[in-house]
Amino acid sequence: MAIVDVKNLLKRFDRYLKLERGLSDNTVDSYRCDVEKLVDFIQTEKLDWAQVTDDDLHRFVCALQDLGIGARSQARIISGVKSFFGFLKMEKLIDNDPSELIETPQLGVKLPDILTVDEIGQMVDSFDLSQPEDRRNRAIIETLYGCGLRVSELVGLRISDLYLHDGYIIVEGKGGKRRLVPISQNAIEEIEIYMDERQNLNIKRGSEDILFLNRRGAKLTRVMIFYIVKRACERCGIRKQVSPHTLRHTFATHLLEGGANLRAIQQMLGHESITTTEIYTHLDRQFLRQEILQHHPRNRQRTANNGEEGKKIV
């Protein structure tokens, strides 16, 4: 049977993702945006939802490629489409799920940029501490790096979830799941200094318990956090592709380099699967290889010999 009221159907799909699958608002919005691309394709091709085949979906994927959408974005869109057709079948709006045979593009492991300990120190030291906002921004950088938080977790961090004397905070992650995260002493000290400045703000109703606020006393946006991190890097001359998520990657990588257990890192990051956390073992292997090349006596001897040969050639 044809599905006529697509707008109402998408609203029901949103409720399904939020209530039954427990996905965050940001994830639901992403799924909705991806499925709307499929809706446009089906309407343009004048297809009947109940008659959509895997060949139709293959043509949809080819259309994404023609638009220049990369493999990683294609994989995300296909994931949303699969969830949508699974929802349609569950609601008995279609008999067969044509997306079951659609394969996602093969993605290589993309290792994220990370910062060195010195670069983190430069970012923290780049703020003008005579400015109240820079006091806040310094605390933000220390908290992102010291706790490995997502941007959404940082902007939603509540004062009532801070247990600074005990050395940990409670973080609300994806799907509303809460977890305990240890917090570094540096981050604790910067938060306590910022809290003194925070008392001078005219705090908006509803933001009383939110830790990090803008100058108008309201909750910070995700975009503002990106801007704070970017400006700190610019002041330090750091030319890497850095975002707030880079500090999360750096947090995990530095822990692994320091000998932390991968399961412990998984719990602190709030990853449901250990597979997600295992990307940091790839980063760690790179670090270990560089350490071996630099410090192993045979490698050091080889480097020295090459240097002597270079001098003779000159």
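Start by colouring the protein by pLDDT, the predictor's confidence in each residue, from 0 to 100. The mean is 83, and 83% of the residues reach 70 or more. This is a predicted model, so local features need pLDDT of at least 70 and side-chain atom pairs count only at pLDDT 80 or more, while totals for chains, interfaces and linings use all residues. Numbering runs from 1 along each chain as its sequence is written, and side-chain values use heavy atoms, with hydrogens and water left out.

Now select residues 162-163, strand β1: among the elements, this strand has the highest mean pLDDT, 96. Helix α14 (residues 297-313) has the lowest, 51. (Helices are DSSP runs of H or I, at least four residues, and strands are runs of E, at least two, numbered from the N terminus.) Over residues 309-314 the pLDDT is below 50, and this stretch has zero contacts (heavy atoms within 4.5 Å) beyond near neighbours in sequence.

Next, pick helix α6, residues 132-147. Its end C-alpha atoms are 22 Å apart, which agrees with the 22 Å that its 16 residues should span at 1.5 Å a residue; the expected span is 1.5 Å times one less than the number of residues. Step just past α6 to G148, where phi is positive, about 70°.

Time for the rings. The whole structure holds nine aromatic pairs: Phe, Tyr or Trp rings (six-membered ring for Trp) with centres within 6.5 Å, stacked if the planes are under 30 degrees apart, edge-to-face if over 60 and tilted otherwise. Show F84 and F85: their centres are 6.3 Å apart and their planes at 70°, so this pair is edge-to-face. Both F84 and F85 are buried.

Then jump to Y163 and Y168, with centres 5.2 Å apart and planes at 15°, so they are stacked. Y163 is partly exposed at 32%, and Y168 is partly exposed at 26%.

Last stop: which residues line the largest cavity? Select L57, F60, V61, I78, V81, K82, S99 and I102. Helices α3 (54-66) and α4 (71-90) each supply at least two residues of this lining.

Key: Buried < 20%, exposed > 50% of the residue type's maximum accessible area, 1.4 Å probe, protein only. 1 Å grid on protein atoms, 1.4 Å probe; cavity = no way out; pocket = protein on both sides within 12 Å on 5 of 7 lines; lining within 4 Å.
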